Amino acid sequence: MTAPAPIHLPDAAAIRAMLPDLTDILVDVVDGGGGVSFMAPLARANAEAFWRGVADDVDAGSKVLLVAEHEGRAAGTVILQLLWQPNQPHRAEVAKLLVHSRARRQGIARQLMARLENEARTRGRTLLLLDTVSGGAAEALYRSMGWIEVGRVPGFALSPYGALDDTTFFYRVL
């Protein structure tokens, strides 16, 4: 069994200090075909701008970023998006479960998701939602962790290289 990856909840300043590693992760995932809202090839400046926005959102309290280390560097991320609607204080959304290709098959994604669920509970969230490319490794991971499929939408988003991908939506009651 692989040893647990150190997982951190960086504040905005720490996120800004990690920009090179975070940018590497996002560019690696997108350019490797990961359907995570960006088109390939992903310019480093665009990836860095995304992470700067995440840092701002963490500072504002609307997001929580979890970062996993592998071999002394940031290698994986996941975001807990805390919603602000007055009638939905019990739920949150999961975004950007990313693991750099150099660190895959080490259990990092599973560890990040387990920690994210714990963080959601500590913030009073009892319902989580997410979406993922249908048929991918992430879909299998979510199913294995007890997430329940809501449904699939054909042609929901473009892959990083321009093909239409179906998207599967999941929820999990904590």
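**Salt bridges and one buried threonine**

Arg 52 has a relative accessible area of 39%, so it counts as partly exposed (buried is under 20%, exposed over 50%, partly exposed in between, with a 1.4 Å probe and protein chains only). Before going on, the conditions: this is a predicted model, in which local features need pLDDT of at least 70 and side-chain atom pairs count only at pLDDT 80 or more, while totals for chains, interfaces and linings use all residues. Residues are numbered from 1 along each chain as its sequence is written, and side-chain values use heavy atoms, with hydrogens and water left out.

Back to Arg 52. Which residue does Arg 52 form a salt bridge with? The partner is Glu 48, with the closest N and O atoms 2.9 Å apart. By salt bridge I mean a side-chain nitrogen of Lys or Arg within 4 Å of a carboxyl oxygen of Asp or Glu. Glu 48 is partly exposed too, at 29%. Both residues sit in helix α3, four residues apart, which is about one turn of the helix. Helices (H or I, at least four residues) and strands (E, at least two) are DSSP runs, numbered from the N terminus.

The structure holds 15 salt bridges in total. Another of them joins the side chains of Arg 16 and Asp 56, at 2.6 Å from N to O.

Next, Glu 139 and Arg 152, whose side chains meet in a salt bridge at 2.5 Å, N to O. Here a helix is linked to a strand: Glu 139 belongs to α5, residues 137-144, and Arg 152 to β6, residues 148-158, 13 residues apart. Is Glu 139 buried or exposed? Its relative accessible area is 5%, so Glu 139 is buried, whereas Arg 152 is partly exposed at 46%.

There is also a network of salt bridges, linking Asp 21, Asp 24, Arg 44 and Arg 73.

Thr 167 lies in strand β7, residues 164-173, and is buried at 4% relative accessibility.
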